[in-house]
Amino acid sequence: MQLASNILRIRSVIAIALTLALIGCGLIGGFNARALEHLTALKANYSKVMDTFSSEDRAKTSDGYSFTPQELSLLNSQTDAIDTSFRQALEYSKSLGDELRTKNIEILKELTVADFAQIKKLNRYFNPAQKDSYTSQTFSGFDRAIKGECVRIDSTCK
Amino acid sequence: MDIDDFLDEIKKKGLDAIKAEFKDLLQNAESDSSKFIRDSAARIKKALIYLAEGQLDRDDIATLLKKEKKLAQIEANVAQIQARVRIQKLIYRLIDIALDFLLKV
């Protein structure tokens, strides 16, 4: 009787282990504080660049304003720094083995690159309407990606 | 329909027909049950007002619409994460109960 009970228990544990292994294929990674830090830092740095390169006065095309070599150099160095931060965030995310987290960072990188490319193409400051339109979209992307981190198991954020 | 298809359609259809279709889609999106779709519609509408006021140009609008498509991808990814987390929490709870039961038998 005891032997039958033990066999039943062992079979049950094996069944649970197999179930766990199957679930493992679709498992989502738990909350990761460093991944969240990457996202918030990237958002802050992006925000800083957009603040720096938006200006009502220096955005008027009628004035024929274009970036000075110093302004262009500052823009390039700031966007290069963000590019490096994105590469670090992506490498770290890949090391965690969660495809959805990595995809979100890749898309965020594309969104910020599109904004910076537009400023560089114009070769002048964004006007307030441009700043509003471009940043509201990209901020929304960051906020949703941050939400995607905060909904994970053992999260310390909301 | 993505932005490229939409722009191709403009070439085929009359501009008025496209305008009416776009307006109809935008109105539907503004009252959608999904917050993301409502926010997206509000952003597009605002950008079009800026365009009418001459504060944005067509190049801006094309870039912004392409970006909206990318935002939808993030939204879909986050929805997938939320769904998987819910299932995972449920399965973990079931396993905890099962193990607890086995150990007590």
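Okay, let's start at a helix end: A:Asn127 caps the N-terminal end of α5(A), with a side-chain oxygen 3.0 Å from the backbone nitrogen of A:Ala129. Helices here (H or I, at least four residues) are DSSP runs, numbered from the N terminus.

Quick housekeeping. This is a predicted model, where local features need pLDDT of at least 70, side-chain atom pairs count only at pLDDT 80 or more, and totals for chains, interfaces and linings use all residues. Residues are numbered from 1 along each chain as its sequence is written, chains are lettered from A in the order in which they are written, and side-chain values use heavy atoms, with hydrogens and water left out.

α5 of chain A runs over residues 128–150, and its 23 residues should span 33 Å at 1.5 Å a residue; the expected span is 1.5 Å times one less than the number of residues. The end C-alpha atoms are 31 Å apart, which agrees.

Now, the interface. On the chain B side, 32 residues are in contact with 38 residues of chain A, contact being heavy atoms within 4.5 Å. About 3,400 Å² is buried between the two chains, and carbon and sulfur atoms give 62% of that. Buried area is the accessible area (1.4 Å probe) that two parts lose on being put together, summed over both. Which three residues supply more than any other three of the area that chain B buries against chain A? That would be B:Lys67, B:Ile74 and B:Ile81, with 18%.

For polar contacts, think of a pair of N or O atoms within 3.5 Å; within protein, one must be able to donate a hydrogen and the other to accept it, and residues adjacent in sequence count only if both atoms are side-chain atoms. The rule finds 18 residue pairs of that kind across the interface, both at pLDDT 80 or more. The elements giving two or more residues to chain B's side are α3 (35–52) and α4 (58–104) of chain B. α4(B) gives the most, with 26 residues. By type, chain B's side divides into 15 nonpolar, seven polar and ten charged residues; we count Ala, Val, Leu, Ile, Met, Phe, Trp, Tyr, Cys and Pro as nonpolar, Asp, Glu, Lys and Arg as charged, and the others, Gly among them, as polar.

On to salt bridges, meaning a side-chain nitrogen of Lys or Arg within 4 Å of a carboxyl oxygen of Asp or Glu. One of the crossing pairs is A:Lys121 with B:Asp59, at 2.7 Å, N to O. B:Lys67 also bridges to A:Asp115, with the closest N and O atoms 2.7 Å apart. That pair goes from helix α4 of chain B to helix α4 of chain A, and both residues are buried (under 20% relative accessible area; exposed is over 50%, partly exposed in between; 1.4 Å probe, protein chains only).

Inside chain A, A:Asp98 meets A:Arg152 at 2.6 Å, N to O. A:Asp98 sits in the loop between α3 (69–96) and α4 (99–122), and A:Arg152 in the segment after α5, so the pair ties together parts that are 54 residues apart in sequence. Relative accessibility is 6% for A:Asp98 and 3% for A:Arg152.

Last one: B:Glu68 bridges to B:Arg43, again with a closest N and O separation of 2.7 Å. It links helix α4 with helix α3 of chain B, 25 residues apart.
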